[in-house]
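Please have the sequence and the model open while reading.

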Amino acid sequence: MKNIFIFHGTGGHPKENWFPWLKEKLEQKGHKVYIPQFPNADKPMLEPWLKELENYKDKIDEDTILIGHSLGGLFLLRVLESLDKPVNAAIFIAASVGVKPIKFYDGDDNFSDGFTFDWEKITSNAKQFSVFHSDTDPYVSLGNGEALAEQLGVKLILIPNAGHFNETAGYIEFEELFNKVKTLL
């Protein structure tokens with residue numbers, strides 16, 4: 001059994017998009033899935049989100065898989081910078097790393113610190129990485145996925161016409177992500 005976390009983005013919550021579907025599929029396989037509700041999701045701030053994640057620190061270990069969607073992916077980068085030991089895998093879905101255009105560039109600033117990252121620490125704190133992005137994301141341009149995949153030393157998983165991988169784009173299920181996670185279990 002592995003612990004798997006899904007981090008939502010700005011304005012997000014555990015019951016949106018493909019999160020409940022993925023949680024159910026993985027729990028049917030005997031894994032524990034956590035989707036924390038981060039505070040002030042409409043006006044997110046990094047420190048309260050990190051404090052909320054502290055409630056789960058005993059569930060994050062070398063077998064854990066962390067998944068971040070949108071701002072949750074940017075948050076995942078900050079989490080990886082703060083870990084004392086590596087997790088099994090980190091998966092990024094439509095994450096921003098500062099490549100414009102980003103619709104909420106200024107709103108991401110609290111998490112981004114000018115979009116500067118400790119890539120050495122990040123890459124040492126997960127054994128495996130995956131980056132999903134779409135060529136039709138209206139919020140986070142494809143250049144972000146390309147830059148993130150390059151920094152992490154992995155091939156970008158490009159899903160054409162997937163928008164922002166949210167309900168608006170028809171993503172109440174995410175089979176490609178489920179298949180990727182299955183390979184890590």
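## Terms and basis

Two strands pair if DSSP finds at least two bridges between them. Strands (E, at least two residues) and helices (H or I, at least four) are DSSP runs, numbered from the N terminus.

The model is predicted: local features need pLDDT of at least 70, side-chain atom pairs count only at pLDDT 80 or more, and totals for chains, interfaces and linings use all residues. Residues are numbered from 1 along each chain as its sequence is written, and side-chain values use heavy atoms, with hydrogens and water left out.

## Strand E4 and its link to E3

Strand E3, residues 65–69, runs parallel to E4 and is joined to E4 by five bridges. Within this pair, Phe92 of E4 lies opposite Gly68.

Between E3 and E4 the chain passes through helix H3, residues 71–82, in a right-handed β-α-β crossover. Right-handed here means that, with the strands pointing away from the viewer, the path from the first strand over the helix to the second runs clockwise.

## Strand E5 and its partners

Six bridges pair E4 with strand E5, residues 126–133, again in the parallel sense. Ala89 faces Gln128 of E5 across this pairing, and Ile93 stands opposite Phe132. E5 is largely enclosed by the rest of the structure because six of its eight residues are buried.

E5 also runs parallel to strand E6, residues 157–158, with two bridges joining them. His133 has Leu158 in E6 as its bridge partner.

Methods:
Buried means under 20% relative accessible area, exposed over 50%, partly exposed in between (1.4 Å probe, protein chains only).
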